[in-house]
Amino acid sequence: MISVLQPGNPVYCLHPEELRKSARQFLTQFPGHTLYAVKCNPHPFVLRTLFEAGIEHFDAASIPEIAAVRGLSADATAYYMHPVKTRDAILTAHTVYGIRHFVVDHPDELAKILYETNGASDLVILVRFATPGGVARYELSQKFGASPEAAAALLRQARDAGCGTGLAFHVGSQCLSPAPFRDGVALAGQIASAADVTLDYLDVGGGFPADYIGEQPPPLSDFLNAVKDGVQAIALPDECVLMCQPGRALVASGCSLVVQVQLRKESAIYINDGRYHSLSETVTGQLSYPVRAIRSDGAFAETMRDFTVFGPTCDSTDVLPSAFSLPEDIREGDWIEIGQLGAYSNALVTRFNGISPDHFVTIE
Ligand SMILES: Cc1ncc(COP(=O)(O)O)c(C=O)c1O
């Protein structure tokens, strides 16, 4: 790719075989529906590759995400998993796109859904409850999730309104231990019995970790076994559909980013992507990615050293929190491939300074 394009702008390299591999893992090891969390990487090629690999269910958080899923195929099902939605979006989701599954974590949101859908008889309400957290790079339960008592009350309300019912939780993104999944399922069991409601759905969320530098989470199978153990312990009814909604673990390895060095000053390099574009998770999640230098017309020195990495904007805060280890003779014009960048990268780019990376290639 580099020898053909000699790219001066960042290039996202999509690796479909990696996407297919992680899809296969979930499809063969998770005992229920695997919903891909579209927000993590909504690129049409990513959605299509996952769909063709067998992922037919999608966690959507907005009307454009729902539209993207519906555009894939009549066999692709979208679930509206944002706990706070505009009234317009609820109406559009239900009437235009035929969405039946909605998440809530507050009685007023349930009331909005019942009103806007005119008390439709085909609704399924999933009540999201908060989990204790503590082992994930991103805590999500401070923003969303009802307390166990409030969740039980909401579950009863949804059932009494004639809706199908479910419980949902999210242990936090890049969760490094399997235990919170087992604990989350146990808490779901307690909430369902307190509410005396038979669950139609149990959604164990996303949060399954990807591999980054300095972070060696247990294998995915440990996380999926924790879910299975949890489910066995609460004796979930056979008819209850188990769901998970991974983003990161499905797509992190499916994309790398090739950037170019624009200037070197001693132990600092200036590259054409940064924290306001594809690399914001170096700051928000303190993530470090594997990097390798690429030179098209010669070899690198063997000695490596740490470089401070500045991004492309004219803003002094555009610097990565951790150094890159690169050959000591790296210079202007060399490229760097940053791996494991399929999750929350292109999805989060801003237009700051008029810069907005959007070149994609697929690498077979
Ligand atoms: C409701 C919901 N589901 C799934 C995900 C995906 O999480 P992850 O990428 O950690 O698997 C998120 C991420 O924010 C989310 O908010």
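Guide: A polar contact is a pair of N or O atoms within 3.5 Å; within protein, one must be able to donate a hydrogen and the other to accept it. The model shown above is predicted. In this model, the side chains of histidine 101 and tyrosine 201 make such a contact, at 3.0 Å.

Visitor: Where is histidine 101 found, and is histidine 101 buried or exposed?

Guide: Histidine 101 belongs to strand β5, which spans residues 101–104. Histidine 101 is classed as buried because its relative accessible area is 5%, and the cut-off for that class is under 20%.

Visitor: What is the distance between the C-alpha atoms of isoleucine 125 and tyrosine 201?

Guide: These C-alpha atoms are separated by 9.2 Å, although the two residues are 76 residues apart along the chain. Isoleucine 125 lies in strand β6, residues 124–128. With a relative accessible area of 0%, isoleucine 125 is buried.

Visitor: Which residue forms a salt bridge with arginine 20, and where do the two partners lie?

Guide: The partner is glutamate 17, and the closest N and O atoms are 3.1 Å apart. Both residues lie in helix α2 (residues 16–29), three residues apart, which is about one turn of the helix. Each is partly exposed: the relative accessible area is 28% for arginine 20 and 43% for glutamate 17. Glu17 and Arg20 are also linked with Arg24 and Glu364 in a network of salt bridges.

Visitor: Which parts of the chain does the salt bridge between glutamate 215 and arginine 137 link?

Guide: In this pair the closest N and O atoms are 2.3 Å apart. The pair links distant parts of the chain, 78 residues apart: glutamate 215 is in the loop between β10 (201–203) and α9 (220–234), and arginine 137 is in strand β7 (residues 136–138). Glutamate 215 is buried, at 6% relative accessible area, whereas arginine 137 is partly exposed, at 31%.

Visitor: With which residue does aspartate 329 form a salt bridge?

Guide: Aspartate 329 pairs with arginine 295, the closest N and O atoms being 3.4 Å apart. This pair, too, links distant parts of the chain, 34 residues apart: aspartate 329 lies in the loop between β16 (324–327) and β17 (335–338), and arginine 295 in the loop between β14 (291–294) and β15 (304–310). Here aspartate 329 is partly exposed, with a relative accessible area of 27%, and arginine 295 is buried, with 11%.

Visitor: Where does the ligand sit, and how many residues surround the ligand?

Guide: The ligand sits in the largest pocket. It is surrounded by 14 residues, of which the closest are Asp59, Ser173, Gln245, Gly247 and Tyr344.

Visitor: Which side chain has an N or O atom 2.5 Å from an oxygen atom of the ligand, and how much of the ligand does the protein bury?

Guide: That side chain belongs to serine 173. Taken alone the ligand exposes 390 Å², and the protein buries 90% of that.

Technical notes:
Residues are numbered from 1 along each chain as its sequence is written. This is a predicted model: local features need pLDDT of at least 70, side-chain atom pairs count only at pLDDT 80 or more; totals for chains, interfaces and linings use all residues. Side-chain values use heavy atoms; hydrogens and water are left out. A salt bridge is a side-chain nitrogen of Lys or Arg within 4 Å of a carboxyl oxygen of Asp or Glu. Helices (H or I, at least four residues) and strands (E, at least two) are DSSP runs, numbered from the N terminus. Buried means under 20% relative accessible area, exposed over 50%, partly exposed in between (1.4 Å probe, protein chains only). A residue is near a molecule or strand if one of its heavy atoms lies within 4 Å of it. Accessible areas come from the Shrake-Rupley method with a 1.4 Å probe; for residues, only the protein chains shown count as cover. On a 1 Å grid over the protein atoms alone, a cavity is a set of points where a 1.4 Å probe fits but cannot get out, and a pocket is an open set with protein on both sides within 12 Å along at least five of seven lines; lining residues have an atom within 4 Å of a point. A molecule sits in a cavity or pocket if more than half of its atoms lie within 2 Å of its grid points.
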